[in-house]
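Welcome, and thanks for taking a look at this one.

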Amino acid sequence: MVYQGHIPDIIPCTSLIRGFCRIGKTKKATRVLEILEDSGAVPDVITYNVLISGYCKSGEIDNALRVLDRMSVAPDVVTYNTILRTLCDNGKLKQAMEVLDRQLKKECYPDVITYTILIEATCKESGVEQAMKLLDEMRNKGCKPDVVTYNVLINGICKEGRLDEAIKFLNNMPSYDCQPNVITHNIILRSMCSTGRWMDAEKLLTEMLRKGCSPSVVTFNILINFLCRKGLLGRAIYILEKMPQHGCTPNSLSYNPLLHGFCKEKKMDRAIEYLDIMVSRGCYPDIVTYNTLLTALCKDGKVDVAVEILNQLSSKGCSPVLITYNTVIDGLSKVGKTDQAIKLLDEMRRKGLKADVITYSSLVAGLGREGKVDEAIKFFHELEVLGVKPNAITYNSVMLGLCKARQTDRAIDFLAYMVSKGCKPTEATYKILIEGVAYEGLAKEALELLKELCDRGVVKKSSAGQGALKM
């Protein structure tokens, strides 16, 4: 079309550039712009903005700046805001300020978004006091801050640990002709909870409602999370049950802290009860919910229940991840059910999940405890073949298994292998070997070895008399 002397239409070409940028093909998007320019067409500012945005989203800020340099039309505030946002998000505030100077020289005046971007970055990099100077400059230039600007500043003040000052700022906002919104209150609420000021948090919630500022799901989740961390599960349930009265439907982030709290207190029946309540109300648990529950069940020795729940996950539209399998594999390995654990390992492989050092360490330890030392060593070497580097825990598990099988000579060889592979032995490593020697009836030799290692500072004297292992 271009080669026949036709000038392309700007609008479809801009759509094409947008499409290429969306799928990360910025080079092709740039080629479309070059064809446009070479044809004699004059791309408008929207076309350039689309390409600059594409470069910024793909992390190619230098290319975005090159496009800014070669623009055949005047950049607008959107152009600059896109670049400033990317520079600030990448911690390049100094470069962002240079771009702002360039913007001002071109008489393209910053808007509220421009200043909010810069104020947020200044809070993070130079502190709130410096950001306040930008706020003053913004007002002096006739640019009125909005609620987002003030929220950024309040968040910065809270992060600096100046909560009382943030509360004062919140109360003064109406005098700045700006009403706080639910996000403003949530920022303060989160800070109150993180500093243990529960009474103040309750007062703030009451004040919110009095002023007609409706709480959001996030508001309630902040409170529930705090109460559960403090062990006040009854109060957390009360808040959860009140949510629908304020037009808020609890989500998985509302229930997860409760389930975690019940699990922490070993109230597994209550945890499962609330899991059922959650599902019955149309709130489907996420993988975090299930991982919390499975971890607690395994710690409580209820591994069969954990396996049952794991088997139901896929049918509930929740795909298990590596940590899910690792939790149950570890639980099974600890209760002498390594055969089942190995079946789970095979299942996770079929699903395309790659086992890691934690998976294998659990299996190796379990097999060692069951006296299946050769099988444990087989899995250890399988780990190496997969290119996963065993850690001290993995090596220690193999040595423990060998010592329990009265094969301390092989355990000592394994120590040499461990060192040759660049894995530093731990205090536990040496204690395993010492107790292995003693377990084979060589108590005198074990004591001599222990004394020598204590003298060398390898084993602490304070722990020398403590049995690390139960042979």
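The buried residues of helix α11 pack against α9, α10 (163–172), α12 (198–210) and α13 (217–229). Please keep in mind that this is a predicted model, with an average pLDDT of 89 over the protein chain.

**Helix α11 and its ends**

- Helix α11 covers residues 182–194, and its end C-alpha atoms lie 18 Å apart.
- That distance agrees with expectation, because 13 residues at 1.5 Å a residue should span 18 Å.
- The buried residues of α11 are Thr184, His185, Asn186, Ile187, Ile188, Leu189, Ser191, Met192 and Cys193.
- At the start of the helix, the backbone nitrogen of Ile183 has a side-chain oxygen of Asn181 within 3.1 Å.
- Just after the helix comes Gly196, with a positive phi of about 80°.

**The nonpolar core**

- The largest nonpolar core is made up of 144 residues.
- Ile83, Ile119, Leu153, Ile188, Leu258 and Met399 have the most contacts inside this core.
- Leaving aside residues up to four places away in sequence, Met399 touches Ala411, Phe414, Leu415, Met418, Thr429, Ile432 and Leu433.

**Cysteines**

- How many disulfides are there in the model? The count is zero, taking a disulfide as a pair of cysteine sulfur atoms within 2.5 Å.
- Cys56 is in no disulfide, and the nearest cysteine sulfur, that of Cys21, is 10 Å away.
- Cys56 is buried, with a relative accessible area of 9%.
- Cys193 has its closest cysteine sulfur in Cys228, and because the two sulfurs are 11 Å apart, they are too far for a bond.
- Cys193 is buried as well, at a relative accessible area of 4%.

- A pLDDT of at least 70 is reached by 92% of the residues.
- The pLDDT is below 50 over residues 1–5, a stretch with seven contacts in the model beyond near neighbours in sequence.
- Residues 463–471 also have a pLDDT below 50, and this stretch has 21 contacts beyond near neighbours in sequence.

Conventions:
Residues are numbered from 1 along each chain as its sequence is written. Side-chain values use heavy atoms; hydrogens and water are left out. A nonpolar core is a set of buried Ala, Val, Leu, Ile, Met, Phe, Trp, Tyr and Cys residues joined through side-chain atoms within 4.5 Å. Buried means under 20% relative accessible area, exposed over 50%, partly exposed in between (1.4 Å probe, protein chains only). Contact means heavy atoms within 4.5 Å. pLDDT is the predictor's confidence in each residue, from 0 to 100. Helices (H or I, at least four residues) and strands (E, at least two) are DSSP runs, numbered from the N terminus. The expected span of a helix is 1.5 Å times one less than its number of residues. A polar contact is a pair of N or O atoms within 3.5 Å; within protein, one must be able to donate a hydrogen and the other to accept it, and residues adjacent in sequence count only if both atoms are side-chain atoms.
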